[in-house]
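Hi,

Here is the structure I said I'd pass on to you. Have a look at it first, then read my notes below.

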Amino acid sequence: MLSDKKDSASERFLLSAVAWLCLSTSIGAMVALKFLFPEWLGSISWLSFGRLRPVHTNGVLFGWLSMAYVGAMFYILPRLLGTELWSQRLGNLTCWLWNATILLGALTLALGLNQGVEYAELIWPLDLAVAGLFVLVNWNLWATFLARSVDRLYISIWYMFASLLWTPLVYAIGNGMLFPVTYTGGLASIATPYSGVNHAAVNWFYGHNVIGLWFTTVGVGIVYYLLPKISGKPIHSHRLGMIGFWTIAFVYVWTGQHHLLYGPGPDWLETVSIVFSISLLIPVWTVVYNFWRTLEGRWSLFFEQPSAKFLILGVWWYFLTCLQGPLTNAIRPISKVLHFTNWVVGHAHLALLGAFTYICFSAIYYLWPRLTGREVGAAAAKRHFWLTTLGLIIFMVSLWAGGLVQGTVWSYKTVDVDFATDQAAITGIPFLKSVEMMLPYYWLRLAGGLMIVLAQWDFLAALLRSRRARA
Ligand code: HEM
């Protein structure tokens, strides 16, 4: 059962990741439908909005993206280190355990067992399981590192190994695992040492760093691997890549508080997070500039290979999301209008569904023929790209436009105080009206979302077809 065949762990991780992508985006579509028909399935508690939403987010983040990342690292790192993966058996065992953890995560969340902290919803026994999975992946890859036959470490190695070290730390902090905790009974009841305002700050330290120091840094590591492979040219500047690595390592950790502007935390902490958020433009620029210069004269690859198509657009989404974050969401007067609106949901999807998902697709299209000896069908790959991209554009436009409408309507409020009677009256458009105004945007999001979901099931079928053809 635990194969030691070369690259078998990588292949299984990638295939499992795509299966979780299909399941979790389908749940996302059910959640989107509930925005239009809130009563739909309403009486079945485990299918209610509050249960399905974290099943969707945990599924896409820890099932799809994280498993795709580990699958890609199991292939890429041994090649860059000039050796073989230390243990395929351990890699395959990790893959089974990872799948079991995600499945248990989905079941427990559906049952309402939830720590009540965004992106740290999994109950504490599963937190321990996640920590254990990171130990297994680290063990396998660091043992591979020690057996390396190269001296000079390529940029991707820095990005990936650093992410493997700091992600468990970030996860442990976010889930209150590093400090003595008080067990208060039950699976979801653990009292962390943080409470109130401090807990909010720690939550967004965790929430933003799991994006910045796992999804971003491993994603960028994959881009740096694929770029010379796909373009057939060496990377434009190794030094610039390393400057990007060290600046992201230093800058990212300070940015979490920008999620809580005008919140209950200290103002100075918000200002620090704004300054560092804007500084993030430096590492982003190093990636985009290196990408641009390396691909010079090779842009026609976009029309030739699915992996190039997804990589080019993925880096473009990355650039856009990293402009949007520091220049809109993290700026006080703008956040004042857009916070709590669909603009932010659009931003989250642009990063995770746009940038990092596209980078993973590029990696899968590049690696799949090398893992299985079979290409994914050209027509299926084209369908996958265009259906996902069209769906994504509709999805994004609906969220951004809807977010602007919500923000504008909500800010259009005045408070009139009659000082004679001390009575205050709030005038403006009633909140319920703003909910009604969102309906066309929710329909659009559903339409774009369904196109994306359909494209992923079609993609999974294409991968399975090519795998069967090998057998
Ligand atoms: C790889 C693909 C995807 C990823 C990584 C992803 C990720 C996320 C994340 C991180 C959130 C939380 C956003 C926030 O709180 O600001 C979210 C919420 C949501 N997602 Fe997705 N998503 C994906 C695909 C989809 C698809 C295809 C749909 C289908 C329509 C969808 C529908 C939703 C809905 C309805 C919410 C709740 C929004 C809210 O509460 O206002 N997602 N998703």
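Let's start inside: by class, the lining of the largest cavity has eight nonpolar, one polar and no charged residues. Here Ala, Val, Leu, Ile, Met, Phe, Trp, Tyr, Cys and Pro count as nonpolar, Asp, Glu, Lys and Arg as charged, and the others, Gly among them, as polar. Before you go further, note that this is a predicted model, where local features need pLDDT of at least 70 and side-chain atom pairs count only at pLDDT 80 or more, while totals for chains, interfaces and linings use all residues. Residues are numbered from 1 along each chain as its sequence is written, and side-chain values use heavy atoms, with hydrogens and water left out.

Back to that cavity (a set of points on a 1 Å grid over the protein atoms alone where a 1.4 Å probe fits but cannot get out; lining residues have an atom within 4 Å of a point). Its volume, the space filled by probe spheres set on the points, is about 50 Å³. Four cavities of 30 Å³ or more turn up by this rule. Lining the largest one are Phe62, Trp98, Thr101, Ile102, Leu122, Val130, Leu133, Phe134 and Tyr171.

Now for the rings. The whole structure has 46 aromatic pairs (rings of Phe, Tyr and Trp, its six-membered ring, with centres within 6.5 Å; planes over 60 degrees apart count as edge-to-face). Phe62 and Tyr171 have ring centres 6.4 Å apart and planes at 90°, so the pair is edge-to-face. Phe62 lies in helix 2 and Tyr171 in helix 5 (residues 155–174), so this pair ties together parts that are 109 residues apart in sequence. Helices here are DSSP runs (H or I, at least four residues), numbered from the N terminus.

On to helix packing. Helix 2 (residues 49–81) and helix 3 (residues 88–110) pack at about 170°, with axes 9 Å apart. That makes helix 2 roughly antiparallel to helix 3 (angles over 145 degrees). Axes are lines fitted to C-alpha atoms, for helices over the stretch in contact, and angles run from 0 to 180 degrees between N-to-C directions.

Cheers

Notes: Helix = DSSP H or I, 4+ residues; strand = E, 2+ residues; numbered from the N terminus. Parallel < 35°, antiparallel > 145°, perpendicular 65-115°, else oblique. 1 Å grid on protein atoms, 1.4 Å probe; cavity = no way out; pocket = protein on both sides within 12 Å on 5 of 7 lines; lining within 4 Å. Phe/Tyr/Trp six-rings, centres within 6.5 Å; stacked < 30°, edge-to-face > 60°.
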